[in-house]
Amino acid sequence: SVLDNEFYVPPADVLGVQDARNLQGRGQALSPEKAARIIATLKEDAARTYSHYEEFLGLSAAGGADEEPLARELARINLPVSFYTQWYWKTDLHNLFHFLHLRMDEHAQHEIRAYGTAIAGMVEKWVPLCWEAFTDYRWKAMRLSRVEVAIVRNLLAGRPAIAEAAALSPREREELADKLGIDPARLGQGV
């Protein structure tokens with residue numbers, strides 16, 4: 001099918017520099033001036049490539065009526081990934097929840113989180129009891145590794161977990177402390 005002239009332009013407040021720690025994520029926001037220049041360039045590029053797309057398909061005045069149109073799958077090769085795609089998707093509830101769990105994760109990119117959240121709103125209205133179970137037991141639940149379980153057991157028993165905590169990398173200790181809502185220094189101590 002012929003793609004519509006609709007494309008995504010990120011809001012200025014989500015345009016950020018490359019995060020130094022999370023190489024798949026964003027860091028601090030760009031200045032409003034730089035964000036405005038980037039958004040203007042994205043819109044200009046999308047308009048230009050869509051014009052070429054129409055020309056390739058023989059749909060624009062520049063294409064000419066007697067010109068042979070390029071095959072649609074080849075005509076869209078020049079379009080940027082920001083153009084919206086339509087598709088039909090068939091899945092079961094189990095796999096839909098798996099998709100949402102991955103896509104609504106706080107570490108997922110802003111755009112896919114927004115997509116996941118939009119789908120989640122529909123699923124919550126469609127199957128509210130299943131949604132509640134998914135939220136309680138999967139999405140908002142906490143997973144602990146074997147070492148993390150050993151640390152928590154020691155902390156609950158009032159015993160230090162020095163050896164277990166030493167088995168975690170600094171990032172893993174920080175993540176466990178965040179999960180438990182405690183100071184990372186407490187992980188090697190008892191309660």
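## A buried asparagine

Asparagine 154 is buried, with a relative accessible area of 10%. The cut-off for buried is under 20%. This asparagine sits in helix 6. The model it belongs to is predicted.

What does asparagine 154 touch, leaving aside its neighbours within four places in sequence? The contacts are Arg159, Pro160, Ala161 and Glu164.

## The two sides of helix 6

Helix 6 covers residues 146–156. Which of its residues are buried? They are Val147, Glu148, Ile151, Val152, Asn154 and Leu155. Now look down the axis of helix 6. The buried residues fall within an arc of 160°, so they line one face of the helix.

Turn to the face that points away from this buried side. Here helix 6 carries the exposed residues Arg146, Arg153 and Leu156. Exposed has its own cut-off, over 50% relative accessible area.

The buried residues of helix 6 have packing partners. These are helix 7, residues 162–166, and helix 8. After helix 6 comes glycine 158. The phi of glycine 158 is positive, near 80°.

## How helix 6 meets helix 8

Two packed helices are described by the angle between their axes and by the distance between those axes. Take helix 6 and helix 8, the latter spanning residues 170–180. Their axes come within 12 Å and cross at roughly 50°. That angle makes helix 6 oblique to helix 8. The crossing of helix 6 past helix 8 is right-handed.

Which residues make this contact? From helix 6 come Glu148, Ile151, Val152 and Leu155. From helix 8 come Leu176, Lys179 and Leu180. Sorted by class, the contact has five nonpolar residues, two charged residues and no polar ones.

Helix 3 runs over residues 93–103. Its buried residues are Leu96, Phe97, Phe99 and Leu100. Viewed down the axis of helix 3, they fall within an arc of 155°, so they line one face of the helix.

What covers the buried residues of helix 3? The cover includes helix 4, residues 110–126, and helix 5, residues 128–139.

Note on methods
Residues are numbered from 1 along each chain as its sequence is written. This is a predicted model: local features need pLDDT of at least 70, side-chain atom pairs count only at pLDDT 80 or more; totals for chains, interfaces and linings use all residues. Side-chain values use heavy atoms; hydrogens and water are left out. Axes are lines fitted to C-alpha atoms, for helices over the stretch in contact, and angles run from 0 to 180 degrees between N-to-C directions. Helices (H or I, at least four residues) and strands (E, at least two) are DSSP runs, numbered from the N terminus. Angles under 35 degrees count as roughly parallel, over 145 as roughly antiparallel, 65 to 115 as roughly perpendicular and the rest as oblique. A crossing is left-handed if the near helix is turned anticlockwise from the far one by less than a right angle, and right-handed if clockwise. Contact means heavy atoms within 4.5 Å. Ala, Val, Leu, Ile, Met, Phe, Trp, Tyr, Cys and Pro count as nonpolar, Asp, Glu, Lys and Arg as charged, and the others, Gly among them, as polar. Buried means under 20% relative accessible area, exposed over 50%, partly exposed in between (1.4 Å probe, protein chains only). The arc is that of the directions from the helix axis to the C-beta atoms.
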